[in-house]
Amino acid sequence: MNQFAPLHWNAQWIWGGEEESPRNEWRCFRRSFDAPDQGWSLGKVSITADSRYTLYINGEQVGRGPARCWPFEQSYDTYDIGHLIKPGRRNTLAVLVQHFGVSTFYYVRGRGGLLVQLDLTNDDKNVYSVTTDQAWRTIRHPGQDPRAPRMSCQHAFAERIDANGWDDRWIDTDYSDVDWPYATVLGSVGMEPWVTLKPRDIFPLTEETIYPSRVEGLSKVVPVPWTANLELRSQMIPGCDDDANAYVYAGYVATVIRTASAAKAVIGITYAPPLFGGIIVNGVRHSKASMRGEKNERYLDTELREGDNLLLVELSGNDHGRGLFMGIDCNAPFELAAPFPAGEEASPFLSIGPFESYEYIDHQFDEQARAKHRIINACKDDKAELSGLEPSDLEKITAFRKVGRAAAAADLTEFEPWVRTVPRRFVSPESILSLSIMKKQSEPLPVPKSLQHVVTANSIPGIVPIFEQADTEIIIDFGCQTVGYITFEVEADEGTILDFYGYEHMRDGWIQHMNYLENSIRYICRQGRQRYTSYIRRGFRYLAVTVRGAAKPVKLYGVQLRQSHYPVAEIGQFQCSDSLLNDIWEISRTTARLCMEDTFVDCPAYEQTFWVGDSRNEALIAYYLFGSEEMVKHCLELVPGSRGQTPLYVDQVPSGWNSVIPNWTFFWVNACREYYSRTGDQKFAESIWPHVAYTLDHYLKLIDDRGLLFMDGWNFLDWAPIDQPREGAVTHQNMFFVRALLNAAELAEIAGVKGESDKYRASAEALCRAINQHLWSEERQAYLDCIHADGRPSDIFSMQTQVVAYLCDIGAGMRKERMESLLISPPSNFVPIGSPFMSFFYYEALAKMGRHRQMIDDIRHQYGQMIEYGATTCWEMYPKLKDGRILPKELTRSHCHAWSAAPGYFLGAYVLGIRETGPGWSRVTVMPEPCGLSWARGSVPLPNEGRIDVSWQLDESEMFHLQVRLPEGIDADVRLPDGYEGTIDIQRIG
C-alpha cells in the first residue's frame with residue numbers, strides 16, 4: 001500500500017531498442033548519480049513499468065511490481081529508500097524490465113516502458129531528484145533468450161538464461177555501463193496507453209526464503225534428441241497477441257524429418273491441445289484417437305524412410321494459445337528441415353492455412369461465427385453435411401482435405417497461397433516440459449545421503465553425480481505446495497545445463513505432469529560458482545532439476561524458494577476436538593494465503609488469474625482468516641475496468657481474454673454488498689454503485705418475452721454434467737441474477753439512491769415470478785436446469801440448481817419445503833455437487849436451514865479425501881471415482897485452489913459461531929454449533945482493529961461453557977446453542 005501522498009510526476013516514460021512492444025524482452029536500465037551529502041532527510045522512489053520490473057539501488061533489491069492493472073489505470077509503487085542512499089557518494093538505480101509483448105489472463109498488452117522518479121526531500125520540500133529521461137542507459141538483457149516458450153495461455157513466458165552472456169554485477173554502482181546505448185524518451189506522464197497513474201493501494205508481496213524438505217528421487221535419464229513448443233495461435237492468427245481470446249481455425253503445420261537411413265521413430269505430442277486432429281507421415285494419416293498415450297499425451301510409433309519424410313500436424317478447432325508440445329525420438333540421426341527454402345529467421349516449420357478462422361468470444365457468437373464454425377468442422381469430418389455452402393467455402397474444405405493427403409513436400413506447392421514459414425520466435429529451442437515427460441530412458445537410483453545437502457541450510461554442497469551418455473535428474477520435495485521465485489547456487493563447468501521443472505503432485509513414483517504449463521527454467525552455466533534467482537513467480541511442490549552435458553560432478557550448494565504472496569498475519573485461528581477438522585482448516589488457510597498475490601488468484605501454478613466470481617467466496621474466507629479488507633476492495637474496484645471489453649464485465653481481470661460468465665458478474669455485485677457489511681464503508685458504496693448499476697442495466701436488456709435472462713455466454717457454475725448450455729435460459733444463472741438485483745437494491749439505498757433501489761427490487765421480483773412460472777417442473781417437483789435456445793425444457797435436474805433456488809429464496813411455501821427435503825436427502829438421479837466451489841453454496845444453504853451437522857459431515861468427507869492423499873492445500877476438484885473408489889491418477893487438476901478453501905470460513909462462522917449482524921461488524925452474534933464436537937476454540941479478525949476470541953467446551957454432564965473475548969464498543973448477542981444449557985463468560989478488551 002502506498003504510504004506516501006500522490007506524486008507530482010516530473011519523470012518521462014523511456015524505453016530502448018527498435019520495437020514498441022517486443023516479444024518477451026528483458027531490458028536492463030541504469031542511472032548513476034551523486035547524492036547530496038546533506039540537506040535531505042527522506043528518500044523515496046516511485047516506479048512503474050510495462051510489463052513488470054525489479055528495482056535495485058546500489059545492488060540491493062528494493063521491490064518488484066507493478067500490481068496488475070489496466071494500462072489506462074497504470075499502477076505505480078513508492079518505496080522509502082533513504083537508508084539505501086549513500087550521501088555525498090555515487091549511487092546507482094538499476095531496473096530490470098520484463099516486457100511480455102503479448103496479452104495474458106493477467107495483463108493487457110501495452111508497450112514497453114519504464115517510469116522512475118527518485119526524490120530526496122526535507123520537510124516536504126524537494127532537495128534532489130533523479131527521473132527517467134534521456135540520460136538513462138539501457139540494453140536488452142544479453143543472457144535472456146526471448147525464444148523461451150510461453151508458459152501457458154494464462155501466463156507470459158518461461159525462462160531461458162545463458163549465464164555466459166551477461167554479468168550479474170550490472171546492478172552494482174562500480175559496474176561500467178559506458179558501452180550501453182542511451183534510452184529513448186517516449187513521452188510525458190499521461191501518454192497512451194498509460195493515461196492515468198494510480199498509486200498502489202495494497203501492500204507489496206512477501207519474499208521469504210523457504211528450504212525444501214528432502215531430495216525425493218534420483219534418476220539416470222536419457223533425453224529424446226528433439227523437443228519444442230510451437231506457438232500455433234500467434235502463427236495462424238497474425239496480430240492476435242493484442243488479446244488473449246481463443247481462435248477457431250482449420251490448418252496444418254508441416255516439417256520434414258530428414259534421416260540418413262531408414263529408421264524407427266516416435267513422434268510425441270506431450271500435450272495434445274483441443275484442435276489437434278492427428279499426424280500425417282508421408283501421406284498416411286494417424287488420427288489422435290489411433291495414437292497411444294494416456295490423458296492428453298499422444299505418441300505415434302512410425303517408420304521413417306531414408307531421406308525426407310513429410311510430417312503434417314492436423315489442426316482443426318479451438319486454439320486458446322496452449323501451444324503444441326512436441327518431441328521426436330529416432331534410432332538414427334535426423335534433422336528437421338523446412339519443406340520449402342526459407343530465410344535465416346525461419347524455423348524448420350511452415351504453416352498451411354488457416355483455410356477458415358474466427359475469433360471466439362463467448363458472449364458474441366454471431367451468425368457469421370456459426371457459419372465459419374460449420375466450415376471448420378467440415379474440414380475435419382469427411383461425413384459432414386455440405387449442402388447450402390457457398391462454392392468458396394467448399395473450396396476451403398476441399399483444399400484442407402487435399403493437404404492432408406500430401407505425401408511429399410512437392411505435393412504442397414499448389415497450396416502456396418496458404419503457406420507461410422514459421423519464424424524461429426514461435427518455435428522454442430526446446431521444451432523442458434516435453435523433456436520431462438518423454439524420455440528415452442529413466443532409471444531410478446537410491447539417493448545418496450550426501451545429496452541431501454542440497455536441501456539443508458549449510459555451506460556443504462550436494463554432489464550431483466554424472467553418468468556417461470546420460471543426464472542426471474534429481475527431484476526436490478518442498479514438503480508442501482508453495483509459490484515464489486526459485487533461487488539456487490551451483491558450481492559447474494561452462495556450458496553445463498540445469499533444467500528446472502516444477503509440478504504439484506506425485507505419488508509412489510508417478511508424476512502428475514502439468515498438462516500445458518511450461519513451468520520451467522533452462523539455465524546454462526558459466527564457469528565456476530554462481531548464484532541465480534528467477535524473475536518469474538511460480539507455484540509447485542516438487543522441483544525436478546536435471547543436469548545435462550556435465551563433464552564432471554556438479555556441486556549444488558542449495559535450491560530454495562523466495563516464497564511470495566500477499567502479506568497477511570494469521571489472525572484467524574481454529575482448533576477443535578476433531579484432529580481431521582483441524583487439518584482441513586490448516587490446508588484451507590494455507591490455500592487462501594498462497595492464492596493471494598496482488599489480487600486473489602485461482603491458483604499459484606496453472607493460472608495465477610483473478611477470476612471475479614471465485615473471489616466472492618475467497619473474500620469471505622479471507623475475512624475470517626486474515627482480515628485483508630484492502631485486498632478485497634482492490635479486487636472489487638478492478639472489475640469495472642473491463643467495461644471497455646463488454647458492459648457485462650469479463651470474468652477475469654485485468655485480462656486480454658474477453659469472456660463473460662454471467663454468474664461471476666452477479667457474484668461481484670453480491671461481494672460489493674458484502675464488503676459494505678464487512679467494513680461499513682459508505683464511500684465505497686457510493687463510488688461502486690454507478691458501476692453496479694451500469695452492468696445490471698445491460699443484463700436487464702437481455703430479459704426475454706417470458707421474463708427470463710436468455711443469453712449467449714459461458715453460462716457456467718460447476719464442473720459437473722448439469723445442463724448449462726452456452727445459449728439459453730439457464731436456471732441457476734437467473735436465480736443468482738435475482739440475488740444480485742436484491743443486493744443491488746440494498747446497495748442503492750446505502751449509496752443514497754432510493755429510487756434506484758425500488759427499480760432493482762421490482763426487477764428481482766418480476767424475474768423470480770418468471771422463474772417459478774417457466775423453470776419449475778410440477779412432475780419432478782423441482783427446478784429444471786434450463787430452457788434451451790430452441791425452447792426445449794431440460795430433462796436434467798441437478799442439486800446445483802436446487803441449492804441455488806433455496807439460497808436465493810426463489811421458492812416459497814411448499815416449494816421451499818421441497819427444496820429443503822432435496823438438500824437433506826439428494827435424489828440419486830439428480831446431478832450431484834461437482835466441485836468444492838459449488839460446495840460453498842451448498843454449505844451456505846445448509847447453514848441457512850440450520851443443518852450444521854450435515855455441513856460439517858460433508859466437509860469431513862470431501863476434504864478428508866484430500867488429507868488422505870497427502871494434500872497440503874485444497875484441490876480444485878473432487879477426485880473421480882470408479883466403482884465407488886478414488887482413482888489415484890484422477891484426483892484433480894490444480895492441487896492448490898482458492899475457491900476450495902471454504903472450511904476456512906464455515907468453521908469460524910458456525911462451529912465458533914461468529915457472524916456479523918451490523919455494518920462494519922458493529923454488531924455481532926456469537927452462537928456456536930457443536931456439530932458433534934466436544935470443544936472448539938479460535939479467533940476471527942475484525943475489520944478495523946482487534947479480533948473476537950471464542951472458546952467453548954461441553955463437560956461430562958453436557959453443560960455448554962462458552963467464553964467470548966472481544967473489544968469494547970461492539971454490540972454482541974452471545975447465545976448458547978439451541979437445546980443446550982450452560983454458562984456464558986464475556987470478557988471485554990479496551
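What follows is a chat about cores and helix packing.

Q: What kind of model is this?
A: It is a predicted model, where local features need pLDDT of at least 70, side-chain atom pairs count only at pLDDT 80 or more, and totals for chains, interfaces and linings use all residues. Residues are numbered from 1 along each chain as its sequence is written, and side-chain values use heavy atoms, with hydrogens and water left out.

Q: Thanks! How many residues are in the largest nonpolar core?
A: That core has 154 residues, and Trp668, Val692 and Tyr843 have the most contacts inside it. A nonpolar core here is a set of buried Ala, Val, Leu, Ile, Met, Phe, Trp, Tyr and Cys residues joined through side-chain atoms within 4.5 Å; buried means under 20% relative accessible area with a 1.4 Å probe, protein chains only.

Q: And which helix gives the most to this core?
A: Helix 10 (residues 731–751), with twelve residues. Helices are DSSP runs of H or I with at least four residues, strands are E runs of at least two, and both are numbered from the N terminus.

Q: What is tryptophan 668 in contact with?
A: Leaving aside neighbours within four places in sequence, its partners include Val612, Leu636, Tyr649, His691 and Val692. Contact means heavy atoms within 4.5 Å.

Q: Switching to helix 12 (residues 799–807): how many of its residues are buried?
A: Nine of the nine, so helix 12 is largely enclosed by the rest of the structure. Those buried residues pack against helix 10, strand 41 (782–783), helix 13 (814–824) and helix 14.

Q: What follows helix 12?
A: Aspartate 809, with a positive phi near 55°.

Q: Now helix 6 (residues 612–625) and helix 14 (residues 836–849): at what angle do they pack?
A: About 55°, with their axes 11 Å apart. Axes are lines fitted to C-alpha atoms, for helices over the stretch in contact, and angles run from 0 to 180 degrees between N-to-C directions. That makes helix 6 oblique to helix 14; under 35 degrees counts as roughly parallel, over 145 as roughly antiparallel, 65 to 115 as roughly perpendicular and the rest as oblique.

Q: Which residues of helix 14 make the contact?
A: Phe837, Phe840, Phe841 and Glu844, facing a helix 6 set of Gly613, Asp614, Arg616, Asn617, Leu620 and Ile621.

Q: Last one: how far apart are the axes of helix 5 (residues 579–594) and helix 16 (residues 903–911)?
A: They are 8 Å apart, at an angle of about 125°. Helix 5 is therefore oblique to helix 16.

Conventions:
Buried < 20%, exposed > 50% of the residue type's maximum accessible area, 1.4 Å probe, protein only.
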